[in-house]
Amino acid sequence: MRNDIPDRRAETDESQADLAAAVGVTRQTINAIERERYDPSLDLAFKLAAHFDCRIEDIFDPDE
Amino acid sequence: MSEHTTSATTRPSTRKRYKRIAYGLLGAGILALWIGIALDRFVLGVALYWTGGLGMGLVQRFSPVELYDERDTTIEREAGHYTMKLFAYVFILGTPGGLALQESGVLTLPGEFYGAMWTLFAVFVAYGAFVIYHKYRL
């Protein structure tokens with residue numbers, strides 16, 4: 001699923017490993033999400049939204 | 001950005017370290033089994049193998065970090081799905097195919113063939129049982 005996680009990480013100067021540690025998954029999982037090869041669970045999507053202090057639909061775009 | 005604390009135990013490096021320990025214990029157990037067989041100390045080899053397996057299980061159960069995340073679970077589910085598909089093709093095509101070849105006198109099936117097919121049958125029985133169990137749970 002299309003997402004803007006790389007942009008958000010760049011804004012906050014976070015590495016994939018930093019984000020992975022913050023939401024409790026592996027760096028490979030964050031990488032797979034960013035490359036749109038893996039769709040996160042609802043639970044992880046909520047954690048990402050909480051981390052970036054936004055709504056899930058602000059991060060993920062299911063239509064594209 | 002919201003504040004998030006990152007405990008040292010949730011860092012990927014910690015996860016990796018515990019995974020290495022877990023797989024290392026199992027690997028050591030397998031190695032011990034091989035050595036035990038080679039040295040004709042089979043019982044000792046099996047005991048060490050079980051100890052390694054138990055150690056792996058204990059590390060996975062009691063490690064302070066989650067060793068597997070949701071992507072790992074998805075990967076395992078996909079792998080299991082394709083493995084069952086492969087087994088299904090082998091079982092569905094192999095069993096009648098092998099029996100037909102034997103009946104027509106083309107070849108004589110070894111006992112291992114029947115063992116393999118019965119094993120696959122048992123796998124599918126177990127799979128079906130788990131599908132039914134989870135169907136009523138979800």
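1. Of the 64 residues in chain A, 31% are buried. Here a residue is buried if 20 or more other C-beta atoms lie within 10 Å of its own, exposed if 12 or fewer, and partly exposed in between, with C-beta atoms placed from the backbone. In chain B, buried residues make up 9% of the 138 residues.

2. This is a predicted model, in which local features need pLDDT of at least 70, side-chain atom pairs count only at pLDDT 80 or more, and totals for chains, interfaces and linings use all residues. Residues are numbered from 1 along each chain as its sequence is written, while chains are lettered from A and ligands numbered from 1 in the order in which they are written.

3. Chain A contains five helices and two strands, in the order β-α-α-α-α-α-β from the N terminus. Helices (H or I, at least four residues) and strands (E, at least two) are DSSP runs, numbered from the N terminus.

4. The C-alpha trace of chain A spans about 30 × 20 × 20 Å along its principal axes.

5. In chain A, 48% of the contacts with a separation of 6 or more are between residues 24 or more positions apart. Two residues are in contact if their C-beta atoms, placed from the backbone, lie within 7 Å.

6. The largest nonpolar core has 15 residues, and A:Ala20, A:Val23 and A:Leu48 have the most contacts inside it. Helices H2 (16–23), H3 (27–34) and H4 (42–51) of chain A each supply at least two residues of this core, and H2(A) gives the largest share, five residues. A nonpolar core is a set of buried Ala, Val, Leu, Ile, Met, Phe, Trp, Tyr and Cys residues joined through C-beta atoms within 7 Å. Not counting residues up to four places away in sequence, A:Leu48 touches A:Val23, A:Pro40 and A:Ile59.

7. H2(A) and H3(A) pack with their axes 8 Å apart and at an angle of about 110°. The two helices, H2(A) and H3(A), are therefore roughly perpendicular to each other. On the H2(A) side the contact is made by A:Gln16, A:Ala17, A:Leu19 and A:Ala20, and on the H3(A) side by A:Arg27, A:Thr29, A:Ile30 and A:Asn31. Axes are lines fitted to C-alpha atoms, for helices over the stretch in contact, and angles run from 0 to 180 degrees between N-to-C directions. Angles under 35 degrees count as roughly parallel, over 145 as roughly antiparallel, 65 to 115 as roughly perpendicular and the rest as oblique.

8. Chain B has four helices and zero strands. Its radius of gyration is 22 Å, well over the 14 Å that the globule rule gives for 138 residues, so chain B is more spread out than a compact globule. Along its principal axes the C-alpha trace of chain B spans about 70 × 50 × 25 Å.

9. Chain B is divided into domain 1 (8–62) and domain 2 (70–137), with bounds from an automatic or database domain assignment. Taken over C-alpha atoms, the centres of these two domains of chain B are separated by 29 Å.

10. B:Ile30 lies in helix H1 (residues 12–38) of chain B. B:Ile30 is partly exposed, with 15 other C-beta atoms within 10 Å. Leaving aside neighbours within four places in sequence, B:Ile30 is in contact with B:Tyr49 and B:Gly52.

Technical notes: Rg over C-alpha atoms; globule rule 2.2 N^0.38 Å.
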